[in-house]
Every structure is written in C-alpha cells, then in structure tokens.
Amino acid sequence: MNPVPFLELTVGSTYTSTARTLTQADLSLSCMLTGDWHPIHADADYCREHGIEGPMFHGPYGILLAMGMSTRLPEFAEPVIGALGLRDWRYRRPLVAGDTVRVRTSISAARVVSGGGRAIVERHFALLDSQSRIVQEGYGSTLLRLANGEDTP
C-alpha cells in the first residue's frame, strides 16, 4: 500500500483489510492472556447447555483484531505518535473459532492541532464477518506528527 499524506486524506474514504480466520488456538491464547476462563469462553458443553453456538471470544478481542488488522488502513505518510482512544464501541455479534473476519475503516474526521505540528485522524472501524455483517464497530482517533505549517484538508 502507498502511504497517504495527511493533506490527501478524504473524509468518507474507506479501506478494507484482508481476511483472517480465527482459530481455537487464538481463543485459548485470549483466555491465557486475560486469565478469564469463564465457561462461555472455554467450555463447549456449557455453551451447548445454554443455547450458545460455542465458546466465544472475549469482547475486547474484537477490538484487538480491529486495531491490529487496520494498522495500515490507510498507511499514513506522516509518523504516528499514538492512539488517542476509542469511543462508542459496540459488540453486535459474538466471535467464535472458525469465523473469518476483516476490517473496514472509514475516515470520519481529520484536523490539524497544536499550531500545525500535529493532526488527529478519526476513523470508524467495522469488524466484519464472512457475510459482511458487522460484528463490532466503533470510532478511534490517531495522532500524527506533521511538518510545521500544514493546513487542514
């Protein structure tokens, strides 16, 4: 992908990642990393008894996927200083091993701050399943370092 300069970002531009299939090993690693072995995440019998398709990933795992898979959606030409946070994150559907997901990001806002030396780019993130249904979605902001004196797009 070609890096996109801040001045060429267009509100409404959309980018989509390649797909990734989630595995049982991913789910087990999520349980190990968090220490959360609740039966809804780790026990197929429990899930069956409660009418649940199967052990599901922790909700924040979808955030991790969306952020990681969208790192270069778009790839910014300017250096990334850091993430500023997430807002309005929604869990729409459960994630289970075997799901194939991709991320669609859209530029929702872009503005210069700090006397022209920095910019904030806000993106809408949608984690999609193989049928293009939204599994999780929300907004996140990224802080970029600009050359001094750049104007807003």
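**Exercise 1. Determine what covers the buried residues of helix α4.**

Solution. The cover of the buried residues of α4 includes β2 (20-21), α1 (24-34), β3, β4 (100-113), β5 and β6. Helices (H or I, at least four residues) and strands (E, at least two) are DSSP runs, numbered from the N terminus. The model is predicted: local features need pLDDT of at least 70, side-chain atom pairs count only at pLDDT 80 or more, and totals for chains, interfaces and linings use all residues. Residues are numbered from 1 along each chain as its sequence is written, and side-chain values use heavy atoms, with hydrogens and water left out.

Next, list the residues that are covered. In α4 (residues 59-69), the buried residues are Y61, G62, I63, L65, A66 and M69. Buried means under 20% relative accessible area, exposed over 50%, and partly exposed in between (1.4 Å probe, protein chains only).

**Exercise 2. Describe the aromatic pair formed by F57 and Y61.**

Solution. Begin with the rule: rings of Phe, Tyr and Trp (its six-membered ring) pair if their centres lie within 6.5 Å; planes under 30 degrees apart count as stacked, over 60 as edge-to-face and the rest as tilted. This rule gives a count of one aromatic pair. F57 and Y61 are stacked, with 4.7 Å from centre to centre and 25° between the planes.

Then consider burial. F57 has a relative accessible area of 4% and is therefore buried. Y61, at 12%, is buried as well.

**Exercise 3. Locate M56 and list what M56 touches.**

Solution. M56 lies in the loop between α3 (44-49) and α4. Its relative accessible area is 19%, so M56 is buried. Leaving aside residues up to four places away in sequence, M56 touches L27, I40, H41, P94, L95 and V96; contact means heavy atoms within 4.5 Å.

**Exercise 4. Describe the largest pocket and its lining.**

Solution. On a 1 Å grid over the protein atoms alone, a pocket is an open set of points where a 1.4 Å probe fits, with protein on both sides within 12 Å along at least five of seven lines; lining residues have an atom within 4 Å of a point. The largest pocket holds about 280 Å³ of space. Its lining has 15 residues, of which T71, V80, A83, R123 and T142 lie nearest the centre. Two or more lining residues come from each of β3 (80-91), β5 (118-128) and β6 (134-145). The largest share, four residues, belongs to β3.

Methods:
Points joined across faces, edges and corners; volume = space filled by probe spheres on them.
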